[in-house]
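Please look over the sequence and the model before reading on.

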Amino acid sequence: ALFQKYLYEGIELVYILETLKIKKSRFFKLLKEYKRNPNNFSIQYKRKSSTRRISADVEKSIINELKEEKKADRG
């Protein structure tokens, strides 16, 4: 609705930037996407993969190091 109001009703850019908490460059990228397909437009961001995961190799190394440390503490 904000993009539609910006384009057709003259809502101020500053208001939209504050509302969405984005910079001008991000706004105009989103506006371009909105203009391409207004009926299916969404600002929902979908990650392709989790950002807080470590690789399986790193995870194995950490586990092995913790096991070694645990053995050293015991005996």
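The model is predicted.

**Helix 2 and helix 3**
- Helix 2 spans residues 13–20 and helix 3 spans residues 24–36.
- The two helices pack with their axes 10 Å apart, at an angle of about 95 degrees.
- Angles of 65 to 115 degrees count as roughly perpendicular, and helix 2 and helix 3 are therefore roughly perpendicular to each other.
- On the helix 2 side, the residues that meet helix 3 are L13, I16 and L17.
- Their partners in helix 3 are K24, F27 and F28.

**K24**
- K24 is part of helix 3.
- When neighbours within four places in sequence are left aside, K24 is in contact with L13 and L17.
- K24 and L13 are 11 residues apart along the chain, and their C-alpha atoms are separated by 8.4 Å.
- Is K24 buried or exposed? K24 counts as exposed because its relative accessibility is 51%, and the cut-off for exposed is over 50%.

**The nonpolar surface patch**
- I54, V58, I62 and L66 make a nonpolar surface patch of about 340 Å².
- One of these patch residues, L66, lies in helix 4, which covers residues 56–74.
- L66 has a relative accessibility of 52%, so L66 counts as exposed.

Note on methods:
Residues are numbered from 1 along each chain as its sequence is written. This is a predicted model: local features need pLDDT of at least 70, side-chain atom pairs count only at pLDDT 80 or more; totals for chains, interfaces and linings use all residues. Side-chain values use heavy atoms; hydrogens and water are left out. Patches are made of residues with over 30% relative accessible area and no salt bridge: like charges are joined within 9 Å, nonpolar side chains (Val, Leu, Ile, Met, Phe, Trp, Tyr) within 5 Å. Accessible areas come from the Shrake-Rupley method with a 1.4 Å probe; for residues, only the protein chains shown count as cover. A salt bridge is a side-chain nitrogen of Lys or Arg within 4 Å of a carboxyl oxygen of Asp or Glu. Helices (H or I, at least four residues) and strands (E, at least two) are DSSP runs, numbered from the N terminus. Buried means under 20% relative accessible area, exposed over 50%, partly exposed in between (1.4 Å probe, protein chains only). Axes are lines fitted to C-alpha atoms, for helices over the stretch in contact, and angles run from 0 to 180 degrees between N-to-C directions. Angles under 35 degrees count as roughly parallel, over 145 as roughly antiparallel, 65 to 115 as roughly perpendicular and the rest as oblique. Contact means heavy atoms within 4.5 Å.
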